[in-house]
Amino acid sequence: MPVEITWWGHATCTVTDSNVRVLTDPLFVRRLAHLRRRRGALPPPGAWQADVALVSHLHADHLHVPSLARLAPGTRLLVPRGAPRAVPGLRRLTHLRLSEVAPGDQVRVGDLVVRVVPARHDGRRLPFGPHRSPALGYVVEGEARTYFAGDTGLFDEMAKEVGPIDVALLPVGGWGPYLGEGHLDAGRAAQALARLAPHSAVPVHYGTYWPIGMDAVRPHEFHTPGDEFVRLAAAHAPRVAVHRLGHGENIRLGAAR
């Protein structure tokens, strides 16, 4: 059975494996604070359908309560441990089956196992409050092992902590002209790809949202990370098949194990 991956924009993807729909970091709005969606239509209502939604960390472009509220009653929702304390709006989502998770946890959903792995990223709900939660990645294990990195920087133990994978959904950009510590740009994502050595990769987290009024500020940082990742991945990890998807596009990958 093939694994199907749809990229809806930013870090939002649907991974369908073993007849289970997994949704990553749901974000279904045209505008978020100072950010405006500049490319790609809004995901259609069908994108809201999932068996389980994964939230990687507390930043508002990854944990967006109004988008989570659109999920159907009974949807599983995995969030970093401590998230309801830091983001009280999560407590209103009583129609969802919320679980707090941390690195090392494993959650079974149908015929899938979702394994929680570490990320290197700021876990605070900026800019409010002192509460922190771990930034997470997830490995969805079914017909294939699909790694959703969330937001992360490179770290020495990445390959060991993530483990063997078949598909990597890697962030290659951001929503502004500068990426600070704890992020992957196209070059660092290509280095991560070489360490992880999956069979296939899909670049995400670029080319969707951009600050209002900054259209003319370093626009190449918005437009080019996907193509740059394809180019650099060919140099650093030539055995990995990289699939640069457009917004709303999907790809089916055969089970690689």
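How many residues of E2 are buried? Five of the six are, and E2 is mostly covered. Buried here denotes a relative accessible area under 20%, exposed over 50%, and partly exposed in between, with a 1.4 Å probe and protein chains only. Strands (E, at least two residues) and helices (H or I, at least four) are DSSP runs, numbered from the N terminus.

The model is predicted: local features need pLDDT of at least 70, side-chain atom pairs count only at pLDDT 80 or more, and totals for chains, interfaces and linings use all residues. Residues are numbered from 1 along each chain as its sequence is written, and side-chain values use heavy atoms, with hydrogens and water left out.

Strand E2 spans residues 12-17 and contains Thr12. Thr12 has 0% relative accessibility and therefore counts as buried. Contact is defined as heavy atoms within 4.5 Å. Not counting residues up to four places away in sequence, Thr12 touches Thr6, Trp7, Leu23, Thr24, Asp25, Pro26, Leu27 and Phe28.

Two strands pair if DSSP finds at least two bridges between them. E1 (residues 3-9) runs antiparallel to E2, and five bridges join them. Trp7 has Cys13 of E2 as its bridge partner. The two strands form a hairpin with two residues between them. His10, in this turn, has a positive phi of about 55°.

The pairing of E2 with E3 is antiparallel too, over five bridges. Thr14 is bridged to Leu23 in E3. Again a hairpin is formed with two residues between the strands, and Ser18 lies in the turn. The phi of Ser18 is near 55°, a positive value in a residue other than glycine. Most residues other than glycine have a negative phi. Ser18 is found in the loop between E2 and E3 (20-24). With a relative accessibility of 10%, Ser18 counts as buried.

A positive phi also occurs at His205, near 65°. His205 sits in the loop between strand E14 (200-204) and strand E15 (209-211). His205 is buried, at a relative accessible area of 1%. Pro88 lies in another loop, between helix H2 (83-86) and strand E8 (97-101). Pro88 is partly exposed, with a relative accessible area of 44%.

Seven strands make up an open sheet with mixed pairing. Their order is E9-E10-E11-E12-E13-E14-E16. Strand E9 (106-109) and strand E16 (241-242) stand at the edges. Each has a single partner strand, so one side of each is left without a neighbour in the sheet. Helix H4 (residues 186-196) packs on the sheet and touches E12, E13, E14 and E16. The direction of H4 makes about 160° with that of E13. Axes are lines fitted to C-alpha atoms, for helices over the stretch in contact, and angles run from 0 to 180 degrees between N-to-C directions.

Within the sheet, strand E12 (residues 145-148) and strand E13 (residues 167-171) pair in the parallel sense over three bridges. Tyr147 has Ala168 of E13 as its bridge partner. E13 pairs with E14 in the parallel sense over five bridges. Leu170 stands opposite Pro203 of E14. E14 and E16 are parallel as well, with two bridges. Ser200 is bridged to Ala241 in E16.

E14 is mostly covered, with five of its five residues buried. Ser200, Val202 and Val204 point one way from E14, whereas Ala201 and Pro203 point the other way.

The axes of H4 and helix H6 (residues 225-236) come within 8 Å and cross at roughly 40°. That makes H4 oblique to H6. Angles under 35 degrees count as roughly parallel, over 145 as roughly antiparallel, 65 to 115 as roughly perpendicular and the rest as oblique. On the H4 side the contact residues include Ala186, Gln191 and Leu193, and on the H6 side they include Pro225, Phe229 and His236.

A nonpolar core is a set of buried Ala, Val, Leu, Ile, Met, Phe, Trp, Tyr and Cys residues joined through side-chain atoms within 4.5 Å. The largest has 54 residues. Tyr138, Tyr147, Leu170, Leu193 and Phe229 touch the most other members. H4 gives the most to this core, with six residues. A second, separate core has 20 residues, among them Trp8, Ala50, Val55 and Leu58.
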